[in-house]
Amino acid sequence: MRNGIKVYDTDTHLVPPAEVLTPYLASTIQEWIPNLSDYQSPIRRSSAGETLQPPYWHRYRMGSGFGVGWGSDVPRMLGEAEPQAGAERRPQKFMGTQWPAWDADWVANHRIRDMDEEGVDIQVMVPTVPWGHEQPAVEIEFMRANRRFLDDFCGAYPTHLKALLIVNAKYIKESIDEIKTWGRSKWAVGVWVNLPLDYPLDHSDLHPVWTAIEQEGLCVVHHSFSGGYPGYRDTWSNPFIGRSASHPWGAMRAMAAFFGAGLMDRYPAIRFAILESGFGWLPFWAMRMQDQVDYMGYVPELRHTMLEYMSSGRFFASIVLHEGPEMIKMVSAFLGDQVLMFSTDYPHPETRFPDSVDLVLGWSQLSSELLPQIMWNNAVRCFGEP
């Protein structure tokens, strides 16, 4: 809490190192992967980009993690004909003023200490599962181990640490089992469905997953990343273009598929949220989607307009701090004050740690009625009571 206002951070990240995650794997993993250590790479930088010193911890790397194309392009500087010889992707600039705890991905009390310093009451954490192994049993086991770890990690501070369930459209039965097993856990607040390349979010095979999510009272979440999904092959090998375009485009596609398929009608209690995708484009997208529904078709009979789905109280979007208070006012005036939620991207470089909360609370353009909606109330409507 800061200045009497409760704070719910709806987009943070968590990637436990291999040394922490391994004990949560079933013993059979060694039979499936005798050379398990070959899939570990040293953590030379913290999640925020801080250079670390040996001895290094390690992370599991089974493959690209986000689909074909993640990090595969040699970066090209804009204005140059081709990549420079030996060019490599460099880490993003850290946007905060103080490094977050480098081990906050697995030491819960260090994470809580950072939350206290910033004034955050609750964090929603987006875990990472190391997809990409050729054996389905291996991917499924890592999905399950991630959940076992989360249960312990969040269980130490159940009213402060929340997380998403990460499941996979390749494994419908196993994903439903995960949702039903963990969906009522105090820490589980939403589900992010990992999609294979070219597998649409509105695929009819996913109906049992949406049913399970609705029954467990969870939220469907789309979180954008800078590679591995729409548009990653069309950025002319430039990370600036990729990072600028991929996040909103990923959310635009997800919203169009989910709303356009009538899933908000078919599952009347389900909620849908987008994270780390920007938000200033939401009014434009509501009107453009509706025009294309009327003009192009290729959607089933819908009970509501796209604007009505987005302003229904069942759709939510996390803010990104760089878009600022005027954008928040504009979007809230267009869609209503029940959509936008505070977020920091902690502990990634985009966070303004430890000043993110103070930054938003200092925006005098936001009214005393709107500010609590952004900082707390909308997140509670999206993810449930703490």
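How exposed is arginine 243, going by its relative accessible area? The figure is 30%, so arginine 243 counts as partly exposed. Keep in mind as you look around that this is a predicted model.

With a relative accessibility of 7%, glutamate 276 counts as buried. Arginine 243 also forms a salt bridge with glutamate 350, this time at 3.3 Å from N to O. Here the link spans distant parts of the chain, since glutamate 350 is in the loop between β10 and α12, 107 residues from arginine 243. Glutamate 350 is buried too, at 18% relative accessible area.

Stay in helix α7, which covers residues 239-260, and you'll find serine 244 there. Serine 244 is partly exposed, with a relative accessible area of 43%. Its side chain reaches the backbone oxygen of phenylalanine 240 at 2.7 Å. Glycine 278 is 34 residues from serine 244 along the chain, yet their C-alpha atoms are separated by 9.8 Å.

Glycine 278 brings us to another residue, glutamate 323, which touches Gly278, Phe279 and Gly280, leaving aside residues up to four places away in sequence. You can find glutamate 323 in the loop between β9 (315-318) and α11 (324-335).

Now follow the chain into α11. It packs with helix α9 (residues 282-295) at an angle of about 35°, and the two axes are 9 Å apart. On the α9 side the contact is made by Leu282, Pro283 and Met287, while α11 brings Met330, Val331, Phe334 and Leu335. By class, that gives 7 nonpolar residues, with no polar and no charged ones.

Back to salt bridges for a moment: the whole structure has 10 of them. One of these joins glutamate 178 to arginine 147, with their closest N and O atoms 3.1 Å apart. Glutamate 178 lies in helix α5 (residues 172-182) and arginine 147 in helix α4 (residues 136-155), so the pair ties together parts 31 residues apart in sequence. Both glutamate 178 and arginine 147 are buried. Elsewhere, Arg59, Asp105 and Arg111 are linked in a network of salt bridges.

The peptide bond from proline 54 to proline 55 is cis, with omega near 5°, and proline 55 lies in the loop between β2 (40-42) and β3 (58-60). Another cis bond runs from phenylalanine 353 to proline 354, with omega near 0°. Proline 354 belongs to the loop between β10 (340-341) and α12 (356-361), and aspartate 345 lies in the loop between β10 and α12 as well. Aspartate 345 has a positive phi of about 70° although it is not a glycine, and it is buried at 4% relative accessible area. Asparagine 3 also has a positive phi, near 55°. It's in the segment before β1 (8-14), and at 67% relative accessibility asparagine 3 counts as exposed.

Definitions and conventions: Residues are numbered from 1 along each chain as its sequence is written. This is a predicted model: local features need pLDDT of at least 70, side-chain atom pairs count only at pLDDT 80 or more; totals for chains, interfaces and linings use all residues. Side-chain values use heavy atoms; hydrogens and water are left out. Helices (H or I, at least four residues) and strands (E, at least two) are DSSP runs, numbered from the N terminus. Contact means heavy atoms within 4.5 Å. Axes are lines fitted to C-alpha atoms, for helices over the stretch in contact, and angles run from 0 to 180 degrees between N-to-C directions. Ala, Val, Leu, Ile, Met, Phe, Trp, Tyr, Cys and Pro count as nonpolar, Asp, Glu, Lys and Arg as charged, and the others, Gly among them, as polar. Buried means under 20% relative accessible area, exposed over 50%, partly exposed in between (1.4 Å probe, protein chains only). A polar contact is a pair of N or O atoms within 3.5 Å; within protein, one must be able to donate a hydrogen and the other to accept it, and residues adjacent in sequence count only if both atoms are side-chain atoms. A salt bridge is a side-chain nitrogen of Lys or Arg within 4 Å of a carboxyl oxygen of Asp or Glu.
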